[in-house]
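I opened this notebook page to record what I looked up about pockets and aromatic rings. My entries follow the display.

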Amino acid sequence: MLSEKTRFGLDETAIPEQWYNIIPDLKSPLAPPLAPDGGPLDPGQLAAIFPMECIKQEMSPERYIDIPGAVIDVYKTYRPSPLLRAKQLEKDLGLPAGVRIYYKYEGVSPAGSHKPNTAIPQAYYNKQEGITKISTETGAGQWGSALAIAGALFGIDIEVFMVKVSFEQKPYRRILMETYGATVHASPTNLTDSGRRVLGLDPDSTGSLGIAISEAVEVAASRPDTNYALGSVLNHVCLHQTIIGQEAIAQMELAADEPDVVIGCVGGGSNFSGLAFPYYRRKLDGKSSARLVGVEPKACPTLTAGEYRYDLGDEAGMTPQLLMYTLGHDFVPAGIHAGGLRFHGDSPLVSQLLHDGGMEAVAVDQTACFAAAVQFARTEGILPAPESSHAIRAAIDEALAAQAAGEDRVILFGLSGHGNFDLAAYAQYMSGDLKDFDYAAGVVLGGK
């Protein structure tokens, strides 16, 4: 019998050979993207900044899409990622035997998070089309780190616009990206029209993912040898991440257990979709009845407080409009440490799943998340990323609720990355200086 603390038994031969595409399984057809001005979107506009294969995947009706062999070869350097039972956390919480917590750990990748799962294929597809440079944004730095690594592997230059508040909070993430050969800027910058406009309105702007996206898209649109890559939100990004959930299903079967609830933190949606979408398919197949729960910060509660409508993906209005839950593309969240969750909108796929009743969403406070993260670190020995701490908080709350109700409950959550570069955030929490922010504390550019 496998130990509950053991990596549940998959080897590299069990890495999925296809990504799962949720689009054909949604209850209602996915709404098409619109042009920035709200009119029909010309596919040529996308071709100017994205490789054609990613564009095809964005609206593909195929349920399963083959993973290129060259991508699988790189995946094999860190996949399958481990699935573990949090036995020491369970003991610390005083849980009965019928309440069990498992986690799928993506921090074993070279970047320390789930982000290489899409950075690798995106870099590969760009290389196939002769692209020599990719521009991108990053919040906490995990996406920028992943793309920097993928760029180094495939010989592509990477330019990263890092949200200023995270640039200042996480200098070692910047150093890591630069070590892999990327150029990193604190966004907003004076290098682009988008950045200069923001600085003109607010010289002390802490930045946002929407602003950084505007800067990166502007750079890509101005050069024929440069494309843009996004680490979350878009359909093809969520598609690439589904390798996580497919592995988790096989590993849970080896553990002879089946989750009653599947939990993931949500910023743009790639981490949550990677774990939860394959379980959505499993529910359609009648093999699961798991609740799917997305967890977001109260400082940027897109799914729980946003409007479901078309909105732009960036602050300057250069990207297509997507039907999604949004707080408004000019919303700038408070400078919480979970930089990867500070996005004003969410994946159209995640948004539609929530709108159609296929998932749940909750919002949690920053200090409560860090309390859960410290408890997890002291029991399980892994320091979680601030983003991942949101899923841990929700998992603990689910376990305690089950215990109080006298119910059995199997909980699976996504530990999307480690927090080894986030020690300043932990120091702030342990000193008692960490503060909570709610949605009303956000800053809206232009005084709207």
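For the entries on linings, I took helices as DSSP runs of H or I with at least four residues and strands as runs of E with at least two, both numbered from the N terminus. The model is a predicted one.

Entry on the largest pocket. I found about 470 Å³ of space in the largest pocket, and among the 29 residues lining it, Pro33, Leu46, Leu234, Pro320 and Leu322 are the closest to its centre. When I asked which elements supply at least two lining residues each, I noted helices H1 (43–47), H2 (52–58), H10 (209–221) and H11 (235–241) together with strand S12 (321–326); the largest share, three residues, comes from H2. By class I recorded 24 nonpolar, four polar and one charged residues in this lining.

Entry on the second largest pocket. Here I noted about 150 Å³ of space, with a lining that includes Tyr20, Tyr64, Gln246 and Arg281. Helix H12 (243–254) and helix H13 (270–284) each give two or more residues to that lining, which by class has four nonpolar, one polar and five charged residues.

Entry on aromatic rings. I counted 11 aromatic pairs. Tyr20 is buried at 1% relative accessible area, whereas Tyr64, at 37% relative accessibility, counts as partly exposed. I also noted a cluster in which ring pairs link Tyr103, Phe376 and Phe413.

Technical notes. Residues are numbered from 1 along each chain as its sequence is written. This is a predicted model: local features need pLDDT of at least 70, side-chain atom pairs count only at pLDDT 80 or more; totals for chains, interfaces and linings use all residues. Side-chain values use heavy atoms; hydrogens and water are left out. On a 1 Å grid over the protein atoms alone, a cavity is a set of points where a 1.4 Å probe fits but cannot get out, and a pocket is an open set with protein on both sides within 12 Å along at least five of seven lines; lining residues have an atom within 4 Å of a point. Grid points are joined across faces, edges and corners, and a volume is the space filled by probe spheres set on the points. Ala, Val, Leu, Ile, Met, Phe, Trp, Tyr, Cys and Pro count as nonpolar, Asp, Glu, Lys and Arg as charged, and the others, Gly among them, as polar. Rings of Phe, Tyr and Trp (its six-membered ring) pair if their centres lie within 6.5 Å; planes under 30 degrees apart count as stacked, over 60 as edge-to-face and the rest as tilted. Buried means under 20% relative accessible area, exposed over 50%, partly exposed in between (1.4 Å probe, protein chains only).
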